[in-house]
Amino acid sequence: MSEKDRFISQSKPFDYDTMLQLIYEIKDKFPFIKIGSIGESLLGRSLPLITLGKGKKSVIYIGAHHGMEWITSALLLNFVNDFCNDYVNGRCGSEISSRVLFETRKIFIIPMLNPDGVDYAINGISDQNALLSRIIKMNDGSNDFSHWQANARGVDLNHNYSAGFKEYKIIEREMNIINGAPGKYSGEHPESEPETRALCNFVRLQMPELAISLHTQGEEIYFTSNQNQNQAHNSLSIARTISRLTGYKISFPMGTAKYGGFTDWFIEEFDRPSFTIECGLGKNPLPFSDHDDIYSRIKRSLYTIPILI
Ligand SMILES: [Zn+2]
């Protein structure tokens, strides 16, 4: 495919402004989709919400909890564009047609939960940023933010849920992580950050049947932190289906990822299936050139997951 025919152009980084521009383009082409916002980031960026379909049963897909994992936002927008194209043209992205999917399911998509972190990771930190000196200090005095995972004030959003929060505090003390870091600092209390608070409030209100959180990397699917508990209804069979469609393996978290995060919060709160999909393989941040390969691996599962509930 030539660069000019591509929906996701890799000629410039996939930052927040690029994403917004694509969302407007999609809305122009496909006025039947709903565009909204779940709230604002710490630095005041609106957190876009795209709603596909009008069925009663709903699922939610979330991208870019982590700054340097911005490629997950591009994957989700590519999916939205494909889904809408298929809907208009009466094509199928899975065993059932996109039109049937549209009528019978709802897919909530929050492509970039952490736009401020993505901005740091892609564009670095602006001289106008009121947190400049604090953030540079957290980043060990470096101006290189390409590995930034946290939000604008150094809170790791995926550690900012009630699930595993106490355990994270113990680990942070051991690792000497205090008051903010490029990653792994869980914040003052669960949902202390505007991004996690907005997401949790939205999820509590809409109560989706199933949740997917996209991260990079590892080509793995996590569906619970604990092998012995919290395996919400038919989680294992859904994980197996996702595994079959993507070729990714089912894993159990290790290290600091094993204590909690959005996926565990969703399972604990609602006793419903929730999965973390670690997209792609390599060293974070994955290069944008990996996008098409990753997308071709996960595309079918994004179409199929809503049918599994
Ligand atoms: Zn991540």
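Which strand does Ser213 lie in? Ser213 sits in strand 5, spanning residues 210-216; helices (H or I, at least four residues) and strands (E, at least two) are DSSP runs, numbered from the N terminus. This is a predicted model, where local features need pLDDT of at least 70 and side-chain atom pairs count only at pLDDT 80 or more, while totals for chains, interfaces and linings use all residues. Residues are numbered from 1 along each chain as its sequence is written, and side-chain values use heavy atoms, with hydrogens and water left out.

**Zinc site**

- The zinc ion has His66 (ND1), Glu69 (OE), Glu69 (OE) and His215 (ND1) as its protein donors, at 2.0 to 2.5 Å.
- Donors here are N, O and S atoms within 2.8 Å of the metal (3.2 Å for Na, K and Ca), and water is not among the atoms, so sites may look incomplete.
- Along the chain, the donors follow the spacing H-x2-E-x145-H.
- Glu69 is in the loop between strand 3 (57-62) and helix 2 (71-89) and His215 is in strand 5, so this pair ties together parts that are 146 residues apart in sequence.
- The four donor atoms subtend angles of 55 to 147° around the zinc ion, which makes the arrangement irregular.
- Four donors count as tetrahedral if all angles lie between 85 and 135 degrees; four count as square planar and six as octahedral if opposite donors are over 155 degrees apart and all others between 65 and 115; anything else is irregular.
- For reference, ideal angles at a metal are 109.5 degrees for four tetrahedral donors.
- Glu69 and His215 are both buried (buried means under 20% relative accessible area, exposed over 50%, partly exposed in between, with a 1.4 Å probe and protein chains only).

- Strand 3 is mostly covered, with five of its six residues buried.
- Strand 3 pairs with strand 4 (residues 105-110) in the parallel sense over six bridges, and pairing calls for at least two DSSP bridges between the strands.
- Ser58 has Lys106 in strand 4 as its bridge partner.
- Strand 3 also pairs with strand 5, again in the parallel sense, over four bridges.
- Opposite Ser213 in strand 5 stands Ile62.
- Ser213 counts as buried because its relative accessibility is 1%.
- Setting aside neighbours within four places in sequence, Ser213 has contacts that include Ile62, His65, Phe262 and Phe275; contact means heavy atoms within 4.5 Å.

**Nonpolar cores**

- The largest nonpolar core has 54 residues, and Phe14, Leu52, Tyr61, Leu77 and Phe79 have the most contacts inside it.
- Helix 2 gives the most to this core, namely ten residues.
- A nonpolar core is a set of buried Ala, Val, Leu, Ile, Met, Phe, Trp, Tyr and Cys residues joined through side-chain atoms within 4.5 Å.
- Not counting residues up to four places away in sequence, Phe79 touches Leu52, Tyr61, Ile107, Ile109, Tyr295, Leu302 and Tyr303.
- A second, separate core has 21 residues, among them Ile60, Ile110, Leu113 and Phe270.

**Cysteines**

- There are zero disulfides in the structure, a disulfide being a pair of cysteine sulfur atoms within 2.5 Å.
- Cys279 is in no disulfide, and its nearest cysteine sulfur, that of Cys84, is 20 Å away.
- Cys279 is buried, at a relative accessible area of 0%.
- Cys200 belongs to helix 7 (residues 194-206) and counts as buried at 0% relative accessibility.
- Beyond neighbours within four places in sequence, Cys200 is in contact with Tyr161, Glu191 and Trp265.
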